[in-house]
Amino acid sequence: MTIRTRSATDRPPQPIRILFLGGHGRSGSTLISRALGAVEGASCVGELRYLWTQGVAKNQLCGCRRRFAGCEFWQEVGRAAFGDWRNVDAAEMSRLHHSVMRIRHVPRHVLTGTTGAFARRVHRYAATMATVYRAIAEVSGSSVIVDSSKFPTSALLLRRVPGIDLRIVQLVRGPHGVVHSWSRRVQRADKGGRLMATHSPAQTAAEWLAFNAAIESFRLTDTPWTLMRYEDFVAQPRRELSRVLEFAGLPSAATPFLGDGTIDLPADHSVAGNPMRISTGVVPLRADEEWRTAMRPGRRRMITAFTTPGMLRYGYPLR
Ligand SMILES: [Zn+2]
């Protein structure tokens, strides 16, 4: 991603197109969003729902391996949006975000009108994020911004952001791989070796069903929606990436695959995400199937039983 100097005649087209990767965490969204962001005309900003906490407040590492406050891209975005990040109350934005983003708020996002305390908080957060998205488009010069926030309420909130052309990619990975990933103890290279969060199999399985159902509900709206399975992406990366690029309105000619089962990933400015977001260069494209050997048969059966409706829905064999 290059940073462009702004000028009065150099405005990005309106509305700003956001390609949102939705679904459950540990579904390969960091890899896929970076592959999309490596294409001319697109920029990957990672999980933007963490902008205020991980970026502005905690000054964590950007995908470019610089701290947020030392990243030229994000500092330019802050200047374009607010004059300086210090002109926005990051603690207030974090509180606002927290108060409208929980998964239990999904019905309120769908049913709440334009009045009342919840609607006012949504409006305030959405209006500020509209300014951020405009600045990202302006600074990056990209026509598509890839946001891998995944959370259903993040997608619902984006529908309220003015001036946004929202397109949803529902990213699904088989539940056993997701559960296994959430139960592993993995050190974060991007946070000084701190361990990644872990969740119990029961919690992950329940959330896998709930998050996917919530994201799929976009099919019933006028927001463009498409489905991508992580396993299909790894097996046929060129085909799947081209399909999603076309969905995003970008030419699919130049994908970053090298043709030998690897992908060449440039550094980008992801504000948060899986620790692999700071790895650059040639990365092998292999499905992470560790769960097949590492997961106990009893746990495997339990997950299958619990997630059967979703497995059937998304074409995963029950045996
Ligand atoms: Zn950066």
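Is E216 buried or exposed at 10% relative accessibility? In this predicted model, E216 counts as buried, where buried denotes under 20% relative accessible area, exposed over 50%, and partly exposed the range in between (1.4 Å probe, protein chains only). Residues are numbered from 1 along each chain as its sequence is written, and side-chain values use heavy atoms, with hydrogens and water left out. Local features require pLDDT of at least 70 and side-chain atom pairs count only at pLDDT 80 or more, whereas totals for chains, interfaces and linings use all residues.

A salt bridge was assigned where a side-chain nitrogen of Lys or Arg lies within 4 Å of a carboxyl oxygen of Asp or Glu. The side chain of E216 forms a salt bridge with that of R313 at 2.5 Å, N to O. Because E216 belongs to helix α9 (residues 201-216) and R313 to helix α13 (residues 297-313), the pair ties together parts that are 97 residues apart in sequence. Helices are DSSP runs of H or I, at least four residues long, numbered from the N terminus. R313 is exposed, its relative accessible area being 53%. E216 also pairs with R219 in a salt bridge of 3.0 Å, N to O; R219 is partly exposed at 46% relative accessible area.

Within helix α11 (residues 237-247), E240 and R243 are 3 residues apart, about one turn of the helix. Their side chains meet in a salt bridge at 2.9 Å, N to O. E240 is buried, with 4% relative accessible area, while R243 is partly exposed at 32%. Finally, a network of salt bridges links R173, R184, D288 and E290.

Note on methods. Helices (H or I, at least four residues) and strands (E, at least two) are DSSP runs, numbered from the N terminus.
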